[in-house]
Amino acid sequence: MAEILGLGLSHYPPFSGTDADMADILRWTMDDPAIPEAERDPARWGERMRAEWGEDGGAEAAASHRAALVAAFARARAALDAFRPDAVVIWGDDQYENFREDVIPPYAVLAYDDLEVRPWRQAQGSSDMAGKPNVWGEPADTTFTIKGRPDIARYLAGRLLDDGVDVAYAYRPLHHPGLAHAFLNAVLYLDYERRGFPYPVIAFPVNCYGRRVISYRGFLSRMGERRELDPPSPSPARMIDVGAAAARALRDSPWRIAVVASSSWSHAFLCDRTWRLRPDTEADERLYDALVRGDLQAWRSTPLAAIEEAGQQELLNWFPLVGAMHELGRGKPTWTEFVGTDVFNSNKVFASYEP
Ligand SMILES: [Fe+2]
């Protein structure tokens with residue numbers, strides 16, 4: 001009989017790297033001449049940010065940030081192992097990785113077979129880990145097999161189309177030989193202890209970066225830099241409806257499915273309001289509070305402009321999770337965790353909705 005587990009987690013790339021490198025995005029931003037010098041001066045920062053930055057550019061704080069993330073991923077993995085899913089459907093962003101100028105679908109179901117991935121060799125243009133040491137000390141040619149369930153993916157795409165959600169689908173990769181980092185890192189981090197990840201994965205990319213997906217390649221730019229913007233991403237309300245339709249499809253299926261939202265919340269490098277130095281924590285806390293209370297309306301009524309201004313583009317991955325769990329009448333999570341930071345680019349949120 002069908003059963004659905006909901007999970008929310010982060011795919012924060014620097015978690016793959018070393019503690020000494022964890023604040024590198026902030027270090028890069030601090031070199032941006034378009035940001036007033038006074039704003040870039042640590043002496044002017046708030047107390048928490050100064051404490052995290054410390055005397056060592058965040059290296060010591062990185063160890064505690066990592067410890068909090070390791071514990072949260074272990075909690076999420078335990079929920080997954082207890083549930084024993086037939087497949088794990090992951091909503092994640094594609095940051096100019098598999099989808100590029102030739103096609104940007106608003107969202108898509110990747111009905112892949114088993115896939116060999118090389119996280120470090122394929123990091124070029126994807127996870128920002130190219131040429132950097134990884135925390136596991138794995139060599140560049142390290143290979144993992146991520147299992148697929150194209151039959152379940154085909155069923156899901158078919159049912160979504162029947163239900164009025166015009167989803168794209170694909171049977172093989174386009175530009176990225178493996179999986180974009182939102183999906184790959186979710187698996188690598190759920191297997192932080194490297195015991196293996198036995199569950200098939202169905203990637204469900206969402207065009208989170210919208211106006212910035214091709215123009216800025218969904219990544220860093222200097223503050224004053226203006227480029228011609230792309231059309232927007234799908235709206236938050238639409239992504240809630242997509243998640244609700246996915247829940248209806250999976251509820252009527254014979255399978256046990258984990259649905260996963262993969263992304264950190266506000267990203268400093270996208271948030272002009274904070275001079276791109278730290279995430280918009282107030283905006284994150286408002287939505288986190290609504291998540292914990294199971295307040296669907298607060299999520300549904302969030303305009304895309306508010307998401308973009310808060311640097312919460314990737315949070316679009318969480319709207320289908322929220323939509324799915326509310327559709328199942330289980331809008332309140334069973335467990336949540338907010339791992340806040342000023343120095344490590346993004347606040348990280350974890351949640352589970354256990355049946
Ligand atoms: Fe991402």
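Visitor: Which residue just after α5 takes a positive phi?

Guide: Gly164 does, with a phi of about 90 degrees. Keep in mind that this is a predicted model.

Visitor: Let's step back into α5 itself. How many residues does the helix have, and how far does it reach?

Guide: A helix can be checked by comparing its span with the one expected at 1.5 Å a residue. Helix α5 covers residues 150-162, which is 13 residues, and reaches 18 Å from first C-alpha to last, close to the expected 18 Å.

Visitor: Which residues of α5 are buried?

Guide: A residue counts as buried when its relative accessible area is under 20%. In α5 these are Pro150, Ile152, Ala153, Leu156, Ala157 and Leu160. Looking down the axis of α5, you find them within an arc of 160 degrees, so they line one face of the helix.

Visitor: What do those buried residues pack against?

Guide: Several elements meet them: the strands β2 (87-93), β3 (108-110), β6 (168-170), β7 (201-206) and β8 (256-262), along with α7 (236-251).

Visitor: β8 makes me curious about strands. Which way do β1 and β8 run, parallel or antiparallel?

Guide: To read a pair of strands, look at the direction and at the bridges. β1 and β8 run parallel and are joined by seven bridges; Ile4 stands opposite Ile257 in β8. β1 also pairs with β10 (residues 348-353), this time in the antiparallel sense over three bridges, and there Gly8 stands opposite Ala351. Strand β1, residues 3-9, is mostly covered, with six of its seven residues buried.

Visitor: Where is Ala79, and what does it touch?

Guide: Ala79 sits in helix α4, residues 59-83, and is buried at 6% relative accessible area. Sequence and space can tell two stories here: Ala79 and Leu5 are 74 residues apart in sequence, yet 8.4 Å apart in space, C-alpha to C-alpha. Leaving aside residues up to four places away in sequence, Ala79 touches Leu5, Leu7 and Glu354.

Visitor: Are His11 and Asp93 buried or exposed?

Guide: His11 is buried, at 2% relative accessible area, and Asp93 is buried too, at 0%.

Terms used: Residues numbered from 1 in each chain as written. Predicted model: local features only at pLDDT ≥ 70, side-chain atom pairs only at ≥ 80, totals over all residues. Heavy atoms only, no water. Helix = DSSP H or I, 4+ residues; strand = E, 2+ residues; numbered from the N terminus. Expected span 1.5 Å × (residues − 1). Buried < 20%, exposed > 50% of the residue type's maximum accessible area, 1.4 Å probe, protein only. Arc of directions from axis to C-beta. Contact = heavy atoms within 4.5 Å. Pairing = 2+ DSSP bridges.
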